[in-house]
Amino acid sequence: MAKLSMYQLYHYLPKTDCEKCGFSCMGFANRLISRDVRPEDCPFLLEPEYSESLTELNRLLGPEVEKEITGLIIDQEKCNGCGICVTVCEVNMEKSQEVGAGRGPGFSDEVVLRIDNGKIKLVDPQSCRRANPSSHICRACAELCPTKAISLV
Amino acid sequence: MSEILYESVVCPSCGCLCDDIDVVVEENRVKSIRNVCEWGISKFLFTKKFTPNVKRGRVEKPMIREKTLVETDYEAAISRAVDILKGSKKPLIYGLTNSGYNAQKIALSIARRLKGLFEPRGAALLSSYYAAMGDSNFYVAPLEEIRNNADLIIYWGCNPIHSTPRHLARYSVYPRGRCKERGSQDRVVFTVDVAENEMGKLSRRFLQVERGTDFLVMETMMKLLREENAEDYKGDIATIENMVRQMTKVSYGAIFFGMGLSAKDNAAKNIENLMALVKELNRKTRFVILPLYDDFNTSGVIQLLIRELKSPMPADFSGDHVAKNSKYSLLENLHEIDAALVVGDDPFWSLPSEKSDLLKKIPMVLIDPYWTRTTNKAQVVFPTAVTGIEAEGIAYRMDGLPLKLKKVLESEYPSDESILGDIYQRLQ
């Protein structure tokens, strides 16, 4: 999934800041990226004069996807279970030193990510750094995934 | 319904032999597996590689060929196999990279008794590597040492994402080591290959080479290391210069090479130059070199040859009682052989057609758990348990560490070790 910027989406919005959706237009663009709202939630975009903008926004955002609370989207088809995300995850390492050194987590290790049946699985989203709104900076698992099976919104 | 949990099982799929696999078994079926890659799960569920949804057809009964393959009992199949092998003057024993160490040992004894040829799969590249290693110096290290110390990793002619998926996360680039506390941030990765792949995108530098000309790149690198003129090289000289500069700066480097180096029958030449390059690099800093095996016990069969015959080359027992093994591959003289015993491999898939066509003309005994292209050409086919899942065994990791493979599922099929043992007994 291509990385989107707030300004890229803002360009297609009405820029009226009417707050009918509950946010300013820039705030709406931000929530579009995090997939908390859909373009159809803006009443202006449903009008005929904005139909092109609406089509373009839907193209950029892609179909509605199932995301975790941390914004993690896993494409099970692409994942080959290499376990790079499990090793590089900082929280996994804090919970078990051995996981940081490459060993797969054991049954007693309470980790965020683990490989289950050959595919990546988010087992404890609440512990992920991204679950805390004040620290939305960690993108290690998505950036280092060789098959691009993980994306973050 | 009771569940059985097997912890720290060794995965028998690639040369990494990951030893942290947790398997839950219910009613003699694998219910769930943790820490296993997509290839590993394909092995545990008996499905196609990287496609865990597609079941592989298993050979269910011993079969012998009349006009077509017909099912028979185990004893009849053994006598037919023994007749074929006894009647041949120069049989070939081939494959064995997916068998346990003890099965490989019996297969070597069979080759010795029958005065035949013994060739593991992919020997051309690997034997030349071990031979070059013996000639120069032992530039090897345990994978754990590479994880702890290496700050430069080079993948040459291989794609670990496909051949050994967990290698990157467990032993080379991403794990945090004793002296590399930040993991991948403390390391640099280079890839040399014929086309840019996923690995090339992960690497700091990617060098594209023309197929079969890797030895020229190695020669150029050596020239640059000796500060000689290397302008006669026609390829991407800027990247090579940059790589060489970085190679001399690091404190510990590791080169992993794969089957890409055996392209266009240049395996021996490529390995010779690569070893010379490593030797040259070791004058300035510490460098190690390891092959990346895609079969789980390739290392074991080469170790067996070194132990028994003091040389890693494929063995030729024909002629006198002394084993002649001085050639990197015996498959050049395939027209001389008159029978074959293939264990756990599919030569009609893995060998080039000009070589495998010669195998069509001779009777073949096959020991393999699955239906393959070779099954349709074989005279005798034995079903067998999968080593490491349905049968115990010993396997050697790519750096030479022996590990014990566990048995997690009960199987009605005999192991390849017991089939080979029965054949060997009848030959006496």
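Colleague: At what angle do helix α2 and helix α15 of chain B pack, and how far apart are their axes?

Modeller: Bear in mind this is a predicted model. In it, α2 (residues 74–86) and α15 (residues 416–427) of chain B pack at about 60 degrees, and their axes are 10 Å apart.

Colleague: OK, and which way does α2(B) pass α15(B), in a left-handed or a right-handed crossing?

Modeller: The crossing is right-handed.

Colleague: Which residues in α2(B) and α15(B) meet?

Modeller: On the α2(B) side they include Y74(B), I78(B), V82(B) and L85(B). From α15(B), I419(B), D422(B), I423(B) and R426(B) are among them. By class, the contact has eight nonpolar, two polar and four charged residues.

Colleague: Switching to the sheet: how many strands, and in what order?

Modeller: There are eight strands in an open sheet of chain B, ordered β7-β6-β18-β17-β16-β8-β9-β15, and the pairing is mixed. The edges are β7 (69–71) and β15 (315–316) of chain B, each pairing on one side only.

Colleague: What does α2(B) touch on that sheet?

Modeller: It packs on β6, β8, β16, β17 and β18 of chain B, and the direction of α2(B) makes about 130 degrees with that of β18(B).

Colleague: And how many bridges join β8 to β16 in chain B, and do they run parallel or antiparallel?

Modeller: Five bridges, with β8 (residues 91–95) and β16 (residues 339–343) of chain B running parallel. For a spot to look at, G95(B) stands opposite V343(B) in β16(B).

Terms used
Residues are numbered from 1 along each chain as its sequence is written. Chains are lettered from A and ligands numbered from 1 in the order in which they are written. This is a predicted model: local features need pLDDT of at least 70, side-chain atom pairs count only at pLDDT 80 or more; totals for chains, interfaces and linings use all residues. Side-chain values use heavy atoms; hydrogens and water are left out. Axes are lines fitted to C-alpha atoms, for helices over the stretch in contact, and angles run from 0 to 180 degrees between N-to-C directions. Helices (H or I, at least four residues) and strands (E, at least two) are DSSP runs, numbered from the N terminus. A crossing is left-handed if the near helix is turned anticlockwise from the far one by less than a right angle, and right-handed if clockwise. Contact means heavy atoms within 4.5 Å. Ala, Val, Leu, Ile, Met, Phe, Trp, Tyr, Cys and Pro count as nonpolar, Asp, Glu, Lys and Arg as charged, and the others, Gly among them, as polar. Two strands pair if DSSP finds at least two bridges between them.
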